Amino acid sequence: MLKIQNLDCGYGRMKVIDGVDFEVGTESVGLFGPNGAGKSTLISAIMGMVKPWKGSIELDGKRIEGVETHTIARMGVALVPQERELFPGMSVEDNLVLGAAYIPHAKDGIPEQLEKIFALFPILKERRTQLAGTMSGGQQRMLAIGRALMSKPRLLILDEPSLGLQPSIVTEVFEVLKGLKSSVSILVTEQNVRESLRAIDRGYVLENGRIVLEDSAEGLKTNPYVIKSYLGL
Amino acid sequence: MVVKRRTAFIVALSAAAVVALILWKPTVLIYGLQAAGLYAAVAIPMGLVLGIVHIVNLAHGEFMMVASYAAYFGCRALGMDPLLAIVPTAIVTAVFGWIMFQLTIRRALKAPELNQLILTFGLAIAFTQSINLIFTSQTYKMPLDYVSASMDIGDLTFGTWSFVFVAVAIIFAYGLQLFLTKTTTGKAALAVGQNPRGAAIVGIDVYRTYGLVFALALALVGAMGALFLTKSAIFPSVGSPFTMKSFCLIAMAGIGNIPGILGASVLLGVAENFLRAFRPTRDWAEIVFFVLIIVVILARSLKGRKS
């Protein structure tokens, strides 16, 4: 599905991503690493928000470096950004509808998809007329995930979905992700490695812009380096 | 409770002022309302561009001036009434706006807003001076019979044509409100204004949406450009006061509040005509909008501090 080869990118003259090779198939993949490792930059590059300096990004065999963000979204890649990036002055329902309205393969089934999202996150149904900007952080995160799912994505990317959420909601979010695994490819970046290892099949560890480790979820769980650096045991 | 009492007080005070004006100086109210219609109809398209997608366009009034010139010479060449030129002028101005957007404003969207300010200020000067060079500073006026229509109520005689602008302003305001809340493109425009990054993530072509909204606003400006010929003579700097007044009205209504522009316009129109009704204050009418905007912004910031 997604294949990144020998990717370099950064901001100004500062290189943030340095020769990264990375792949997501029909599976659920985690991308771990400390603050500043380059996780969000890598995602920005996939979404066409940061232009790669070198290397290639392929989506189903098509090169997408330099393609605009909205085109990548229309190709079936949905992002749940760290900052959520909702439309604060619009209702929950309008936010969700806009998640699908401009996606060619999703815009015809909006009412059905809306019901599915409401079944997944009942709180969004209760608050469908509330303005997105007036909801709590956790509810906004659910709305951002719901909005991404409205587009019936083939690849769902979540950037730090647990950041700033209370533990009970983090568990709920990862339960939802686990349930989605069978229907969509997932790429999730996280600092909360323990919680996310339960929801993924495979993971990469990114440090200082380089991939330093790649293994299955089971392998990462027992890897001494991961245990010491990320699981804090 | 306190808020309710205050609202009731403001409503009662406004009603009392209206009744007093009707009894004492009815023309102030009539001409104030007519002026308000014109101001609002010009300001509402700017309200869309500034309030919804946050593009600062200091050439707003000048775009209308250019549209008026186009409509005037088009009408004269074809022997047409300006009312028939409304739709063609709207289309031509929208296309012109789209091209100007792609050539200039689009390039400044990612830069700080000051760049848009300088860029569109430059456009305003360029438009005014180009028209000045081509047509000189001579004024042009369409001779039209129907604009001198008048009405008598008791001893009072007043012109009625300018009420057309009131109708146009109401149509613009509620039409745009429907567009923004009921159509997908309108919602996309709101989304782009509230969060361009978020909009791109959900597949909205952000620059196309900016361009569309700008062209839509310019279509309304173009329609007003043709209609303006029924109200006033045109000359190269005829548009610039409308830019300032539109800014003032949008600030008074609150950024993004399109129907609010109607109310703000009534306040401005009546205030101007009130001052114009008395000899000693007549010359102050043109600058009353400065006073109003200061009062409204002060009141709003005091209210904000309290809450």
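Mentor: Begin with domains, whose bounds come from an automatic or database domain assignment. Keep in mind that this model is predicted. In chain A, domain 1 covers 1-76 + 154-233, and domain 2 covers 85-153.

Trainee: How many Å separate the centres of domain 1 and domain 2 of chain A?

Mentor: Taken over C-alpha atoms, the centres of the two domains of chain A are 23 Å apart. Their contact involves 14 residues of domain 1 and eleven residues of domain 2.

Trainee: Which elements give two or more residues to the side of domain 1 of chain A that touches domain 2?

Mentor: In chain A these are helix H2 (69-74), strand E7 (155-159) and helix H7 (167-180). H7(A) provides the largest share of that side, three residues. By residue class, the side of domain 1 that touches domain 2 in chain A has nine nonpolar, three polar and two charged residues.

Trainee: Now chain B. What pattern does chain B follow along the sequence?

Mentor: The pattern is α-α-α-α-α-β-β-α-α-α-α-α-α-α, with twelve helices and two strands in chain B.

Trainee: Why is chain B said to be as compact as a globular protein of its length?

Mentor: The idea is to compare the radius of gyration with a rule for globules. For chain B the radius is 20 Å, close to the 19 Å that the rule gives for 307 residues, so chain B is as compact as a globular protein of that length. The C-alpha trace of chain B spans about 60 × 60 × 35 Å along its principal axes.

Trainee: What percentage of the residues in chain B is buried?

Mentor: Of the 307 residues in chain B, 45% are buried.

Key: Residues are numbered from 1 along each chain as its sequence is written. Chains are lettered from A and ligands numbered from 1 in the order in which they are written. This is a predicted model: local features need pLDDT of at least 70, side-chain atom pairs count only at pLDDT 80 or more; totals for chains, interfaces and linings use all residues. Two residues are in contact if their C-beta atoms, placed from the backbone, lie within 7 Å. Helices (H or I, at least four residues) and strands (E, at least two) are DSSP runs, numbered from the N terminus. Ala, Val, Leu, Ile, Met, Phe, Trp, Tyr, Cys and Pro count as nonpolar, Asp, Glu, Lys and Arg as charged, and the others, Gly among them, as polar. The radius of gyration is taken over C-alpha atoms; the globule rule is 2.2 Å times the number of residues to the power 0.38. A residue is buried if 20 or more other C-beta atoms lie within 10 Å of its own, exposed if 12 or fewer, and partly exposed in between; C-beta atoms are placed from the backbone.
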